[in-house]
Amino acid sequence: MDPTQFDRSRLHEIIEDSRDRKWALIPLLQEIQEEFGFIPPESIEPVAEALNMFASQVQGVITFYSGFSLKPKGRCVLRVCRGTACHVKGSRSILRLVKKELELEEGETSSDYQFTLETVACLGACFLAPTMMVNKDYFGRLNPTKVISVLGEYRKDKEDD
């Protein structure tokens, strides 16, 4: 399924649940992103209208918070930590390996929308350095063998679909 194609009626249902509640902007955007895997740019105007805001205000919130995305991401979002502890423990080589294995650069999504590769300043799991996340799952004390194993599990999940 092409994630750029989304259920517009579902989008409008989500928006209607928050109509006229400006305070609900961030939870509303989170719900939209959770439902579709990104915030469709076409949703900005209807969200603004429903919350009695300017579209530029909604756009500003989306672009301010790195957790929001206006572009579809892969089913598996890999975040490799570049924090100090991870850097000292070898995250640069982990990132190189992930890039090679997925044939992606930072910020890219695979053409099949299986993987998106990102780097982050810190995952807050310094005691597990070097660390990465796949969606909401943490993987620490990484080495090449463990990285290959983790990627294999997520590739396997795709084959099971």
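**Getting your bearings**

In the protein chain, 62% of the contacts with a separation of 6 or more are between residues 24 or more positions apart. Keep in mind that this is a predicted model. The chain has 161 residues, and buried ones make up 42% of them.

**Layout**
- You'll find seven helices and four strands in the protein chain.
- Read from the N terminus, the elements go α-α-α-α-β-α-α-β-β-β-α.
- The C-alpha trace spans about 50 × 35 × 20 Å along its principal axes.

**Surface and charge**
- Counting charged side chains gives 21 positive and 25 negative, with the centres of the two sets 10 Å apart.

**Aromatic rings**
- There are three aromatic pairs by the rule used here.
- One of them joins F64 and Y65, an edge-to-face pair with 4.9 Å from centre to centre and 90° between the planes.
- Y65 also pairs with F68: their ring centres are 6.3 Å apart and their planes sit at 90°, so this pair is edge-to-face too, since anything over 60 degrees counts that way.
- Taken together, F64, Y65 and F68 make one aromatic cluster.

**Buried or exposed?**
- F64 has 63% relative accessibility, so it counts as exposed, the cut-off being over 50%.
- Y65 comes in at 38% and is partly exposed.
- F68 has 12% relative accessibility and therefore counts as buried, as buried means under 20%.

Key:
Residues are numbered from 1 along each chain as its sequence is written. This is a predicted model: local features need pLDDT of at least 70, side-chain atom pairs count only at pLDDT 80 or more; totals for chains, interfaces and linings use all residues. Side-chain values use heavy atoms; hydrogens and water are left out. Helices (H or I, at least four residues) and strands (E, at least two) are DSSP runs, numbered from the N terminus. Buried means under 20% relative accessible area, exposed over 50%, partly exposed in between (1.4 Å probe, protein chains only). Contact means heavy atoms within 4.5 Å. Lys and Arg count as positive and Asp and Glu as negative; His and the chain ends are not counted. The place of a charge is taken as NZ of Lys, CZ of Arg, CG of Asp or CD of Glu. Rings of Phe, Tyr and Trp (its six-membered ring) pair if their centres lie within 6.5 Å; planes under 30 degrees apart count as stacked, over 60 as edge-to-face and the rest as tilted.
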